[in-house]
Amino acid sequence: MGERGAISAPGQPTAKDLLDLYNFRLIRPNTKVYGIIGKPVRHSKSPLLFNAAFKAVGLNAVYLHFLVDDVEEFFNTYSCIDFASGCSCTIPHKEVALKSMDEIDPTAKKIGAINNIVRRPDGTSIAFNTDYIGAISAIEDGLREINGVIPAGASPSSGKLFVVLGAGGAGKSLAYGAAQKGARVVVANRTFGNALAMRFTAYIFQLSK
Ligand SMILES: NC(=O)c1ccc[n+]([C@@H]2O[C@H](COP(=O)([O-])OP(=O)(O)OC[C@H]3O[C@@H](n4cnc5c(N)ncnc54)[C@H](OP(=O)(O)O)[C@@H]3O)[C@@H](O)[C@H]2O)c1
């Protein structure tokens, strides 16, 4: 651990990450543990964002990467609500995780994918989809910059052609968000059948395998 950036064994965080990323010195016995579940998950930048936010607002919590094979088994195993009491959900679990939730927000149900899980104090779970809001608002900010002022109340996406590559959890969320804004949505996916579930899209194409 003496060498800067060195790890003591593969997969272990460095001393620098423990201190700067995970706010190790602020962790106490009653610190709540949040995280992102996925496989692979190590690439996710979510811990950078959430741990900085927790520190900034003084929330007694830490946010980790959770490498998870099976979402249902994960929540059954870690049933104490102080652990994984709030989770982000990423590749490849955004769709399959729906089955493990006690309640699903109506929009997430319509999309068929979740990225946000909250465990209530009674241990039951409720899941949401916030991917489509973040992604579409970023695209619309870009469109406003390109297109200039648009009439009040109008959406810069309205009537535009959106091409979504992929029909997994992220693809479904973005296609839904774009369609809600009045865009024409085209989806291209490797497996044609998986894209057919996206009823809110105009056109579906199969990508060559
Ligand atoms: N920046 C963000 O905010 C954000 C948010 C969400 C996701 N993401 C990223 O978006 C990506 C997709 O995430 P996801 O949750 O949607 O994953 P997912 O639900 O597992 O979906 C994976 C998608 O990729 C396709 N795919 C996988 N392997 C392929 C291959 N070898 N050739 C062609 N297509 C292939 C799948 O097609 P099939 O249907 O044919 O299997 C499916 O459309 C990930 O990289 C994730 O990190 C970013």
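Is Asn23 buried or exposed?

**View 1. Asn23 in the loop between helix H1 and strand S1 of the predicted model.** Asn23 is buried, and its relative accessible area is 8%. The loop that holds Asn23 runs between helix H1 (15-21) and S1. When residues up to four places away in sequence are left out, the contacts of Asn23 are Leu18, Asn51 and Lys55. Of these contacts, Asn51 is also listed among the buried residues of H2.

**View 2. Helix H2 and its buried face.** H2 is built from 12 residues, and the distance from its first C-alpha to its last is 17 Å, close to the 16 Å expected at 1.5 Å a residue. Its buried residues are Ser46, Pro47, Asn51 and Phe54. Viewed down the helix axis, the buried residues of H2 fall within an arc of 110°, so they line one face of the helix. An α-helix has 3.6 residues a turn, so residues three or four places apart point the same way. The buried residues of H2 pack against H1, S1 and strand S2 (61-67). Leu48, Leu49, Ala56 and Val57 are exposed on the other side of H2. Gly58 follows H2 and has a positive phi, near 75°.

**View 3. The ring pair of Tyr34 and Phe54.** Nine aromatic pairs are found in a search of the whole structure. In the pair of Tyr34 and Phe54, the ring centres are 5.6 Å apart and the planes are at 50°, so the pair is tilted. Tyr34 belongs to strand S1 (residues 32-38) and Phe54 to helix H2 (residues 46-57), so the pair ties together parts that are 20 residues apart in sequence. Phe54 is buried, with a relative accessible area of 10%. Tyr34 has 21% relative accessibility and counts as partly exposed, because the limit for buried is under 20%.

**View 4. The ring pair of Tyr78 and Phe83.** The ring centres of Tyr78 and Phe83 lie 4.9 Å apart, with the planes at 40°, so this pair is tilted. Both rings belong to a cluster in which ring pairs link Phe66, Phe74, Phe75, Tyr78 and Phe83. Tyr78 is partly exposed at 38% relative accessibility. Phe83 is partly exposed at 24%.

View 5. Cys80 is partly exposed, with a relative accessible area of 46%. Cys87 is buried, with a relative accessible area of 4%.

**View 6. Residues 36-117, a span taken from the UniProt record.** UniProt, in an unreviewed entry, lists this span as "domain: Shikimate dehydrogenase substrate binding N-terminal". In the model, the C-alpha atoms at the ends of residues 36-117 are 10 Å apart. The span is 30% helix and 26% strand.

Key: Residues numbered from 1 in each chain as written. Predicted model: local features only at pLDDT ≥ 70, side-chain atom pairs only at ≥ 80, totals over all residues. Heavy atoms only, no water. Phe/Tyr/Trp six-rings, centres within 6.5 Å; stacked < 30°, edge-to-face > 60°. Helix = DSSP H or I, 4+ residues; strand = E, 2+ residues; numbered from the N terminus. Buried < 20%, exposed > 50% of the residue type's maximum accessible area, 1.4 Å probe, protein only. UniProt positions renumbered as here; feature names shortened; annotations may be inferred. Contact = heavy atoms within 4.5 Å. Expected span 1.5 Å × (residues − 1). Arc of directions from axis to C-beta.
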